[in-house]
Amino acid sequence: MTRTGLDALFDPTSVAVVGASANPEKWGYWLASGALEGRARRTVHLVNRRGGELHGVPFLPGLDGLPDPPEHVVVAVPPRQVRPLVAEGLVAGARCFTVITSGAASADEERELAALVTGGGARLLGPNCMGVVDTTTALRLSWGDFPAGAVGLVSQSGNLALEIGRLLARAGQGFSRFVSLGNQRDIDAADALDALIAHGPTRIVAAYVEDFRDGRRLARTLTAAHAAGKPVLLLTVGRSEASGRAAASHTGALVSARATVEAVCRDAGALLLDTAGELVDTAICLLAAPARGSAPRPPVEGVLRDASPSGNGPPVAAAPGGRHTVTAEAAALSHHVRHMREARGGPGNASDAEKERAASGEARDRAEADGRRRLSKPDARQDASSDARDTPNTGPGTANTSDRPDHAGPGTRDAAPEASETHSQPRTAGPVTEADGSRQLSDADPQRAASGEARGRAGANGRLDAAGPRTRNAATEAGETHSQPRTASPVTDADGRRRPGLGSQARVLPAGGRGGPLSTGNAQGAEADPGGGRRRRLRVAVVGDSGGQGALAADALVALGIDVPGLSAGTSREVAAHLAPGAACGNPVDLAGAGEADLANYARIARALLFGGDADAVVLTGYFGDYATSNPAQAEEECEVALELAAAARESGRQLVVHTMARDSPALAVLRAHAVPVYERIEQAATALAGTARLRAAVVAAPAASPVPASFAVPDGGYETVRELLASYGLTFPVAGFVTTADEAADAAHRTGYPLALKAMGLAHKTEAGGVALGIADEERLRATFARMRSTTGAARYAVEAMASPPYAVELIAGVRRDPAFGPVAMVGIGGVTAELLADTAVALAPLTPGRARALLLSLRHAPLLTGWRGSPPVHLDAAAAALCALAQAGAEHPELSELEVNPLLVHPGGAIALDAHGVLR
């Protein structure tokens, strides 16, 4: 079994539960009961030396008496019995141990247990864990409810997993796998995440991690997940001192600084979130989102319309070969809607208005070349009960997506088939958006508009360019040193692509808000363009039956960096056709009673917005879904409209998100069953869309290379020593002399020249302690200042240093901190005496490349100070980046230093110069 080959953990051929019990108040009961649920797939042995039975299965006295070797042994016995039992299991041939037992054993004893297990060629999960669940292999070795679905969860908190499970179930989703890490003495977060990445039915990877152990290995795993197309949603602690104390008391974890975790997620293409609710909301949105780069396509007659594990509907499971089946609830809803339609006169029994439109050629179903039919309103009844094939599942929640149709990212012009007619007036042939952003009518459009053959056509806008915050790691790498001139010649990135020179590099988009594109802060800025330019942000159209709710929804979206753009003239006309005269047709769209007048207007207007080409997603906010609550007679019609909404989203290849004040109504069940996310609060919808956009906009950076220690160690962290060290790595410092007396200071001044600076050595905050004097103009003032400073600080050694005051300079603080899990972490921020006050910093794993260093600089909130603020010339960003790289390299190669800092690092149009530095020995 390899390091990440965990077949015996997730799908063992046989399981033995040691400590099995018939008492529901004990862990052994739930472990044994769960194991027995998989008897059709594997052999299950229940072990308790006292005897007994559960569900007719007798308890055996020990592992040595089993009829065949147990591949996976679950241990739920008192602590003193754990080690002997594990030794017995190894002799019996066990390949994996899940140790539920906690307490009593010390950390050293747990490490010895892990060594015993791995030395015997087996793997250990735990100890102090809540077990493992794989709903795709009928493995349930834990306590609690774990609904089946497409989310794989790795967690150091059992109760948090139960909370996430309940939230997923309410949204109609669940788990493919769950791994409780416990104390991670062998199988750790990276191992478990690797297994989820390789697991086909797992479409979303979620994790709650307190102790990152080998942080760089975990960073590589997160990067691999992004490359595999598996979004990773991460929770951790450390936003407050209190949470850090709680984690330490919980698992003994060394909590990494949150800023470091944010940086790792940003660069690996993972999404760091704050709460279990945000995680579930984002997961539901991701599961329902159209595949990026896929093309809109019509529904296929006789095949379920994407109500699969990609959606958030409870009704959907997957059958062998990836065919989708539907649970009884959704099937009953869809069957009822279809039955009532047919009872009114069959599939073609449309309203009078629809008959008139059909007669005039404005609502015809047109056969596609492959014989599939497009769906228009009178025939929008692809209900789950008739379309699905009821085939046996390979296991609960199995989601094989190998044969799923490719759906479009919003608006690929040359791949998008013409959508069906809208339900009312002919769609006005407005301009369409070309790949280059221009809007124009094709030659054939007027003819199609006249003949009714182009209504509902989506405007082309290329793939979904969902904007997250400006990406810190998207900068072009620049290699100039302090003295090299700024040039505008092209440079070559690590990926071999040629990029514009320095002038164009100034357009690199930094990340704003809290921690970059994958944190939960503002998604300000645009998606980074590999060509060095700016891609547009995620565009969302809002439609609501309340002006207030629509306006608040728009504010919530914009606050997270999402665009709520105005509508084109064509889309506005299309929307206005379904509204009362004089109603506002902007964005947000206010239905102003149109929904109450005819529920179908919800679907008509949503369809117009989804196909209009002005937005990548549509948010429907307000009352929809609640009509049947107050008037049950409207339940059927509301469900019909829900089907139409889902059809419009699917056919357009764009995402529809519904915010409603209702809860668990029939129409909402239909939406969930057909992959339309439903949220009770608008902030949930906004956060989920913003998170999805950040993941899609992520520009992943290769994990930093593991630093190789230098051949020598520095003896102390004083300025004189650190200055010499950093100068050897290429940092520039002013000319200086180090002295102990006033006479030595006067002699040194002849070498540095006047004016000069005098600094007392050995002080953490020299300025506050009176240990810095600047602009000393002559020897008399130097001697007087020296005497006063010695009296005030008591310092034994001083630096006499040439003044450095280039014009238009900006003070930075830069440093390297050694994180217990992630190793050396580089930091840069606005510096000087206000560094702590401004707290404007950015971090990344060290060492740095010039491009990464430059991107960090541009990610600062005060970055405009560096790029030319209010008429000032820009500083030499490449020289500043080179200085950061040198500092990061020095910190990475000297593990004897727990901290290394330069403050201030003076950057200016001519270069960069370090004015002070210190280190802290470990």
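At what angle do helix H21 and helix H22 pack, and how far apart are their axes? The model is predicted, so that local features need pLDDT of at least 70 and side-chain atom pairs count only at pLDDT 80 or more, while totals for chains, interfaces and linings use all residues. Residues are numbered from 1 along each chain as its sequence is written, and side-chain values use heavy atoms, with hydrogens and water left out.

H21 (residues 635–652) and H22 (residues 666–673) pack at an angle of about 20 degrees, and their axes lie 8 Å apart. The two helices are therefore roughly parallel to each other, a term that covers angles under 35 degrees. In contact (heavy atoms within 4.5 Å), Glu638, Cys639, Ala642, Leu643 and Leu645 of H21 meet Pro666, Ala667, Val670 and Leu671 of H22. By class, this contact of H21 with H22 has 8 nonpolar, no polar and 1 charged residues.

Strand E29 (residues 798–802) is mostly covered, with 5 of its 5 residues buried, where buried means under 20% relative accessible area with a 1.4 Å probe, protein chains only. Tyr798, Val800 and Ala802 point one way from E29, whereas Ala799 and Glu801 point the other way.

| Strand | Sense with E29 | Bridges |
|---|---|---|
| E26 (residues 736–739) | antiparallel | 4 bridges |
| E27 (residues 756–760) | antiparallel | 5 bridges |

Within E29, Val800 is the bridge partner of Gly737, and Glu801 stands opposite Ala757.

Note on methods:
Axes fitted to C-alpha atoms, helices over the stretch in contact; angles between N-to-C directions. Parallel < 35°, antiparallel > 145°, perpendicular 65-115°, else oblique. Nonpolar A, V, L, I, M, F, W, Y, C, P; charged D, E, K, R; others polar. Buried < 20%, exposed > 50% of the residue type's maximum accessible area, 1.4 Å probe, protein only. Pairing = 2+ DSSP bridges.
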